[in-house]
There are 2 protein chains.
Amino acid sequence: MASIREVAKLANVSPATVSRVMNGTARVDEEKKQRVLAAIKETGFVPNEVARSLFKKSAKLIGLILPSIENPFFAQLAGAIERCADKHGYRLVLCNTGSVTEKEKAAMQMLSSMNADGIILTTSNEELREFTENCSIPIIVTDRVFQGSNKLKYVHCDHYKGGRMAAEHLIDCGCKSIVCIKGQQEISSARDRYDGYRDVCKERGIKEQTVDSAYDFEEGMKVTEEILETFKDVDGIIACNDMVAISAYKVLHKNGIDVPGKIQIIGFDDIALAKLMTPELTTIGQPVKEIGAKAAELIIFKDKYAKEDKQEYIFEASLVERETTRDI
Amino acid sequence: MASIREVAKLANVSPATVSRVMNGTARVDEEKKQRVLAAIKETGFVPNEVARSLFKKSAKLIGLILPSIENPFFAQLAGAIERCADKHGYRLVLCNTGSVTEKEKAAMQMLSSMNADGIILTTSNEELREFTENCSIPIIVTDRVFQGSNKLKYVHCDHYKGGRMAAEHLIDCGCKSIVCIKGQQEISSARDRYDGYRDVCKERGIKEQTVDSAYDFEEGMKVTEEILETFKDVDGIIACNDMVAISAYKVLHKNGIDVPGKIQIIGFDDIALAKLMTPELTTIGQPVKEIGAKAAELIIFKDKYAKEDKQEYIFEASLVERETTRDI
DNA sequence: TTCTGCTGTGAAACCCGTTTCAAAATCTAT
DNA sequence: ATAGATTTTGAAACGGGTTTCACAGCAGAA
């Protein structure tokens, strides 16, 4: 791999001049410029990003720390972030943590020592707070929120309103006995969605009925069986996300229960599969592209955003009516 | 951020000694070692990975170049690779290319200049051959194959056998008129799967009937409509992947056609959704964890693997019988 | 006691692109 | 033609962890 000094020697100029030609950081005599360009071509020189980032203290890297890239929602988020990053010449470093605190910490540590320009983090693990407060690079928390941290920025949709919309839609569709499959309550978005559901129940005089589940389809199936046993009159299910909604449908179908005839289902996230499954899943959609792009931009244009001292960027969720609910 | 020289000053030793303590590269007097350890703790020193990788010419980075992380199969592959990489202290740099040649080239160039230790590439774009041949870091092609390149290594499952298995299973399940939804034939895995189907048709005296489609569910739906118009007696569909199989099911269902009663469907990949959908999708599964881990290991342990001059690592596909086919 | 051999240690070079700084070259004005 | 202003350019420092190399210190051998 050719280095800048070899190029310089070949073009009979100094490395500084080659650098200036490449980056356009200063005027260079036209003839020398041509010699340099020729030498770059001849040697196939590509500047070493590592050396550049050592000096610049920016590796043009965005760290993405996720519970799991296999989760379709996170995969979509990652795709959105990657596209925005790529557009501006940044790369993405992907870290799966399985929500394990130690892995989250290790990943942040590592990204920081890699001169990453920022970290996009999806966790609401309070144990990380001390660490994130002292981190020297910007940290953007997506989809979730940490209690009481003011060094971070947040990008997410309005899960509370989303939860409300889900409950209201089910009520509007005639449901009288709605069960909410709550996600893990340590996760802020799951809390917010649940809060939305709960408040609507209160306002509309509907009994609050809940059941706990992880964001995971095996749990989703188990829990749906429980619902059928516990709540004999259930006619509406709000799932904490689409994966769980799909598994709920599966169990209902297996039990010969008509969806949406007898029980209506609404999910959360609007992953690609929601439209693809049969029947198509009614769900609360998140503008994942906008969320991903905003998170990336907060890092890429951190100087610009440092001026506005907005800490939370909140997007609207939206009801996506499909086939697992029915208007009356 | 503290540097090694500050730690050295605090511990009253040279930077070299601090380096030796951290890496265990040489014996260090026990008392000095303790001083260094204390100084590291006090300053919160974390070695800068960029500086390290500049010297070592290895950034402990694996580049992953994919058409799209949103595709669930690739997301699973990415997860498998990430887990293996992480276990050995490597990070993953994710690049989506949408199969655009220019982006694939740019990503490889960039990864190379980042001192990545290797690249895992999913493409069968022949235009890249010249480039990959001259790349200074190892390139592992997963899931697909390039014609006639001998500098690369390949990790994938036996798509040809997989295609055979799919066709044989449908025949064994009583199908007489099977339509194969071929993936894009520029993609080697799609070619191989199709070849398997074709050969089984020949051997078993079944008419070959095909239709073209991209690996994409909108195409999948469009093409399934076509099948219904063109092949009135169709009773079996082999889809080039699970996404397409799911969309085929959707169209069949919408048309009131019983699956598997009237038409049976088999997909490819065994993505998580295949088990989750209703009815559960029969499919040809790929051992994606093993494929991902092997690809990562070929980079992480490149020295070891350089000795064996095996160029292709092939895994077995397997039939996963579920509910969209029925034994007779 | 002197010589060999081994271990521990620090100064300095190294990796390589960027930037500073001062000198050199070119140009403007008197 | 010369002082002064401006532009172009290269040497050297920089970033920070690693490694080489040579020297110092000490143990055992002669």
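Helix 8 of chain A meets helix 9 of chain A through A:His159, A:Tyr160, A:Gly163, A:Arg164, A:Ala167, A:Glu168, A:Ile171 and A:Asp172 on the helix 8 side. On the helix 9 side stand A:Ser189, A:Asp192, A:Arg193, A:Asp195, A:Gly196, A:Tyr197, A:Asp199, A:Val200, A:Glu203 and A:Arg204. Contact means heavy atoms within 4.5 Å. By class, this contact of helix 8 with helix 9 of chain A has five nonpolar, four polar and nine charged residues. Here Ala, Val, Leu, Ile, Met, Phe, Trp, Tyr, Cys and Pro count as nonpolar, Asp, Glu, Lys and Arg as charged, and the others, Gly among them, as polar.

This is a predicted model: local features need pLDDT of at least 70, side-chain atom pairs count only at pLDDT 80 or more, and totals for chains, interfaces and linings use all residues. Residues are numbered from 1 along each chain as its sequence is written, chains are lettered from A and ligands numbered from 1 in the order in which they are written, and side-chain values use heavy atoms, leaving out hydrogens and water.

Now the geometry of that helix pair. The axes of helix 8 (residues 159–172) and helix 9 (residues 188–204) of chain A come within 7 Å and cross at roughly 40 degrees. That makes helix 8 of chain A oblique to helix 9 of chain A. Angles under 35 degrees count as roughly parallel, over 145 as roughly antiparallel, 65 to 115 as roughly perpendicular and the rest as oblique. Axes are lines fitted to C-alpha atoms, for helices over the stretch in contact, and angles run from 0 to 180 degrees between N-to-C directions. Helices (H or I, at least four residues) and strands (E, at least two) are DSSP runs, numbered from the N terminus. The crossing of helix 8 and helix 9 of chain A is right-handed. A crossing is right-handed if the near helix is turned clockwise from the far one by less than a right angle, and left-handed if anticlockwise.

Step back to the domains. The assignment for chain A gives domain 1 (4–47), domain 2 (61–158 + 288–316) and domain 3 (159–286). Such bounds come from an automatic or database domain assignment. The C-alpha centres of domain 1 and domain 3 of chain A lie 62 Å apart.

Another helix pair comes next. Helix 1 (residues 4–11) and helix 3 (residues 30–43) of chain A pack at an angle of about 125 degrees, with their axes 9 Å apart. That makes helix 1 of chain A oblique to helix 3 of chain A. Helix 1 of chain A contributes A:Val7, A:Leu10 and A:Ala11 to the contact. Among the residues from helix 3 of chain A are A:Arg35, A:Val36 and A:Ile40.

How do the two chains relate? A rotation of 180 degrees with 0.0 Å of shift along its axis superposes chain A on chain B, with an RMSD of 0.1 Å. That is the relation of a two-fold axis. In chain A, the C-alpha nearest the axis is that of A:Val93, 2.2 Å from it. Copies are superposed by least squares on the C-alpha atoms of residues with pLDDT of at least 70 in both. The copies meet through the same surface, because 100% of the interface residues of chain A are also interface residues in chain B.
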